[in-house]
Amino acid sequence: MKGIVSKVALGVAGTGMAVAVAAVAIGPRVSEWYDGRHQEQASYDTGSQAKAERRSMPAWLPDNASSVKYLMSTTGDDRLLRATLPEGRLPAGCRTGGSVRGPHPLPVSLKAGWFPEGVASKAVGTCGHYNVTLTGNQLYAWQDGATLQAALRAEHVAEH
């Protein structure tokens, strides 16, 4: 009887170890898959093409922008945008100084290799509900969904 209990205990311990190893090896990939399945990413040659193909693309993006990259959350209003602007200045209608709200928050749920870390500290203004920065002729824009919703609620309250 003692031998059977030992074998069962050893079997349970071995199974537990196998599950633990699998969780460590597979867990991060499952997490990345789960997070990534609520995101859509796209690239466009021009701003006009981006706006024609994607309804959520901001209207302020110039038609002559090139090398447009866009990442959006499908479960909220988080957005990242990168585009090359031939004029090397913010698009018409954008404001320099200030931010949409708060200290230029980046959406924590979105990350892209083409969107640099630490860009939020370099915000120079806003375009619509996006915070923006310009590095040479490279525009980086981001919209934090929670900040956007707070701004829209504040606008609604101010209207009434």
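**Strands and cores**

Let's start with strand β5, residues 125-127, which pairs with β6 in the antiparallel sense over 3 bridges. Strands here are DSSP runs of E, at least two residues, numbered from the N terminus, and two of them pair if DSSP finds at least two bridges between them.

Before I go on: this is a predicted model, so to speak, with local features needing pLDDT of at least 70 and side-chain atom pairs pLDDT 80 or more, while totals for chains, interfaces and linings use all residues. Residues count from 1 along each chain as its sequence is written, and side-chain values use heavy atoms, leaving out hydrogens and water.

Back to that pair: Cys127 sits opposite Tyr130 in β6. The two strands make a hairpin with 2 residues between them, and Gly128 in the turn has a positive phi of about 60°.

Now, which residues touch the most other members of the largest nonpolar core? Out of 20 residues, they're Met57, Trp60, Leu61, Val68, Leu81 and Val132. By such a core I mean buried Ala, Val, Leu, Ile, Met, Phe, Trp, Tyr and Cys joined through side-chain atoms within 4.5 Å; buried is under 20% relative accessible area, with a 1.4 Å probe and protein chains only.

Methods: Buried means under 20% relative accessible area, exposed over 50%, partly exposed in between (1.4 Å probe, protein chains only). Helices (H or I, at least four residues) and strands (E, at least two) are DSSP runs, numbered from the N terminus.
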